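Subject: Structure handover and notes

Hi,

Here is the structure I promised to pass on to you. Have a look at it first, and then read on for what I found in it.

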Amino acid sequence: MANESTGAPLEIIAESLRRERARTGLSLTEVARRAGLAKSTLSQLESGTGNPSVETLWALGVALDVPFSRLVEPERPKVRVIRAGKGPTVFAEHADYAATLLSACPPSARRDIYLIRAEPGTPRRSDPHMTGVMEHIVLCAGRARVGVLEAPEELQPGDYISYPGDVPHLFEALEPGTYGVEISEYI
């Protein structure tokens, strides 16, 4: 060969294999079986210590239903813009409260991001979510009482609060035009 090769990008391949296997929900054993590889070989590749051949990567691409390039190139962040007033929004039944989903949990993370808008009146009371959920809120405008039902905190613009979402909690706007950003983290 005229040009020297720098070899396979082992860390990128390892990260890509872990990411794609997590995306599919398949076990190490199942992906290895589908690709016709030993489980130990796949384990080495996912830890960045293996040295895969083109054939091995093609077989893994087929097993994971992804193109070859997705295994050897770094994942590039995608730019996404949601304009104000746009995006999928759901409304509370008994409070003047709306939640707009800004970012759903990707396969490699366990969180969702929402824009919360609320007006004074009936507070938004939430029943407990699944075990281990933590909610994080940064208040952007207005004033609000936020947190666990027994001891909510009053927030001003720029204030941050985190609290367990697996217990009853509330968001109560104290001024018109109250809004903030909420991150629900699934632990």
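Where is the place of Asp 65 in the chain? Asp 65 sits in the loop between helix H4 (54–64) and H5. Please keep in mind throughout that this is a predicted model. As background, most residues other than glycine have a negative phi. Asp 65 also counts as exposed, because its relative accessibility is 68% and the exposed class begins over 50%.

Now for the chain as a whole. It has 5 helices and 10 strands. Its radius of gyration is 23 Å, well over the 16 Å that the globule rule gives for 187 residues, so the chain is more spread out than a compact globule. Along the principal axes, the C-alpha atoms fill a box of roughly 70 × 35 × 25 Å. Of the 187 residues, 35% are buried. The chain exposes about 11,300 Å², and carbon and sulfur atoms supply 53% of that area. If you count contacts with a separation of 6 or more, 61% of them involve residues 24 or more positions apart.

Two further residues are worth a stop on your tour.

The first stop is Ile 82, which you will find in the loop between helix H5 (68–72) and strand E1 (89–91). Ile 82 is partly exposed, at a relative accessible area of 27%. Setting aside residues up to four places away in sequence, Ile 82 touches Gly 87, Leu 101 and Leu 102. Ser 43 is 39 residues from Ile 82 along the chain, and their C-alpha atoms are separated by 39 Å.

The other stop is Ser 184 in strand E10. Is Ser 184 buried or exposed? Ser 184 is buried, because its relative accessible area is 5% and the buried class covers values under 20%. Apart from neighbours within four places in sequence, Ser 184 is in contact with Arg 110, Arg 111, Asp 112, Tyr 114, Met 134 and Glu 135. Val 133 is 51 residues away from Ser 184 in sequence, yet the two lie 6.7 Å apart in space, C-alpha to C-alpha.

Next, the spaces in the model. The second largest pocket holds about 330 Å³. Its lining is made of 20 residues, and those nearest the centre are Tyr 97, Arg 124, His 129, Glu 135 and Glu 182. Elements that give two or more residues to this lining are E1, strand E2 (97–103), strand E3 (111–118), strand E4 (124–126), strand E5 (133–141), E9 and strand E10 (178–186). By class, the lining of this pocket has 13 nonpolar, 4 polar and 3 charged residues.

How many cavities of 30 Å³ or more does the structure hold? There is 1, and the largest cavity has about 40 Å³ of space. Among the 13 residues that line the largest cavity, Glu 119, Thr 122, Pro 123, Phe 171 and Ala 173 are the closest to its centre. Strand E9 (residues 169–173) gives the most to this lining, with 3 residues. The cavity lining divides into 7 nonpolar, 2 polar and 4 charged residues.

Methods. Residues numbered from 1 in each chain as written. Predicted model: local features only at pLDDT ≥ 70, side-chain atom pairs only at ≥ 80, totals over all residues. Heavy atoms only, no water. 1 Å grid on protein atoms, 1.4 Å probe; cavity = no way out; pocket = protein on both sides within 12 Å on 5 of 7 lines; lining within 4 Å. Points joined across faces, edges and corners; volume = space filled by probe spheres on them. Helix = DSSP H or I, 4+ residues; strand = E, 2+ residues; numbered from the N terminus. Nonpolar A, V, L, I, M, F, W, Y, C, P; charged D, E, K, R; others polar. Rg over C-alpha atoms; globule rule 2.2 N^0.38 Å. Buried < 20%, exposed > 50% of the residue type's maximum accessible area, 1.4 Å probe, protein only. Contact = heavy atoms within 4.5 Å. Areas by Shrake-Rupley, 256 points an atom, 1.4 Å probe, with all protein chains shown as cover.
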